[in-house]
Amino acid sequence: MKKHAVFIYSEDQLGYKFSETHPFNQKRLILTIDLLREMDALPEELIVPARTATDEELLLAHDQRYIDIVKKASRGEITPEAGEGYGIGTDDTPIFENMHEASARLVGGTLTAVDQVMEGKAEHALNLGGGLHHGFRGKASGFCIYNDSSVAIHYLKEKYNARVLYIDTDAHHGDGVQWCFYDDPEVCTVSIHETGRYLFPGTGNINERGSGQGYGTSFNFPIDAFTEDESFLDIYRTAMREIVEHFKPDVILSQNGADAHYLDPLTHLSSTMEIYREIPKIAHELAHEFCEGKWIAVGGGGYDIWRVVPRAWSLLWMEMNNYPLPHGKLPEAWLKRWQPESPVPLIETWEDPENMYKPIPRKAEITEKNQQMLDKALYMIRNQ
């Protein structure tokens, strides 16, 4: 019997670790899984082990020379200076032992999710260890060594002849995936992100539309710093329906970074947990309406690993698996287990406190600018 959703996870996904102080911290996976188990929302029969991507699969989106350099770095055979030209050995993406194996495992997790859905074993599949959307063909970038989504999209095309819609709601622009498929008419990339005027990687402008045969299959919605829930969700709801109706995908692959939240230390948006209820709900509806339910989801950014990521990603999984979305207090056992280790007071409810931040003084101006950007983008969609 086909499952609603499967959860892709292996403990060795935790091996993707740059250092004790690096902001990319896979402990967020442990925190999320523990929260789901306390909610009785993650039975063992729904967990599918992540496999490791082969070199042949990595070559779908990466150069052989780059893969060889990552392997050498994994064994301590190159200096950070030698790796800098490939984006490794930098402050963002330091070299660590077995980095090739750890990175290939994250890619393999997303490929496992693809096979589960496309072979009809589950309608949906989630690999929270994936979502490394900044990786390029021959270069690491922004904490991302191999780009699991780019590999997975090529894999979907070659193995399953699928027309793929990629949706990225990380606060950072999904640049690596966009550029990988910029001239491909069978892949549509959509990114809703904080404007690059203030935030890495500085790309994702509204006029990045694709090139050649792929023109009109790249969509960017750069929102202003301090954007709040209402404006964010209005753009997401409106744009996604029009794009899906226009592109008509066979399958949806969504990247679910949890760094658009007000508490995230690396970004400047002002969303709350409300968007993490609505984003997966809308993707879920669109997948069933247009793709016979085929929906693969991955993780991504998210750097407040204590107060934000576990709640956001738990809501994603619960939506995927048709569990009622929770309200009120988090499980007491989870709070007691993790509060002693957390450097900040945990938020004790699924909802954020009403006084989490002071009113944004430029709210009306920010909302108006976002609406003007959306209107311009919709005009392009309707008239291409």
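**Exercise 1. Classify Asp12 as buried, partly exposed or exposed, and place Asp12 in the chain.**

Step 1. The relative accessible area of Asp12 is 37%. Buried means under 20%, exposed over 50%, and partly exposed in between (1.4 Å probe, protein chains only). Asp12 is therefore partly exposed.

Step 2. Asp12 lies in the loop between strand 1 (3–8) and helix 1 (27–38). Helices (H or I, at least four residues) and strands (E, at least two) are DSSP runs, numbered from the N terminus.

Step 3. Asp12 and Pro49 are separated by 37 residues in sequence, and their C-alpha atoms are 9.9 Å apart in space.

The model is predicted: local features need pLDDT of at least 70, side-chain atom pairs count only at pLDDT 80 or more, and totals for chains, interfaces and linings use all residues. Residues are numbered from 1 along each chain as its sequence is written, and side-chain values use heavy atoms, with hydrogens and water left out.

**Exercise 2. Determine whether the radius of gyration of the chain agrees with that of a compact globule.**

Step 1. For 384 residues, a compact globule would have a radius of gyration near 21 Å (taken over C-alpha atoms; the rule is 2.2 Å times the number of residues to the power 0.38).

Step 2. The chain has 19 Å, which agrees.

Step 3. Along the principal axes, the C-alpha atoms fill a box of roughly 55 × 50 × 50 Å. Of the 384 residues, 62% are buried. The chain has 12 helices and 8 strands.

**Exercise 3. Describe how helix 3 and helix 5 are oriented to each other, and name the residues in contact.**

Step 1. The axes of helix 3 (residues 64–74) and helix 5 (residues 99–118) come within 7 Å and cross at roughly 125 degrees. Axes are lines fitted to C-alpha atoms, for helices over the stretch in contact, and angles run from 0 to 180 degrees between N-to-C directions.

Step 2. Angles under 35 degrees count as roughly parallel, over 145 as roughly antiparallel, 65 to 115 as roughly perpendicular and the rest as oblique. Helix 3 and helix 5 are therefore oblique to each other.

Step 3. Ile67, Val70, Lys71, Ala73 and Ser74 of helix 3 make the contact (heavy atoms within 4.5 Å) with Met99, His100 and Glu101 of helix 5.

**Exercise 4. Describe how helix 8 and helix 12 are oriented to each other.**

Step 1. The axes of helix 8 (residues 229–247) and helix 12 (residues 363–382) come within 10 Å, crossing at roughly 5 degrees.

Step 2. Helix 8 and helix 12 are therefore roughly parallel to each other.
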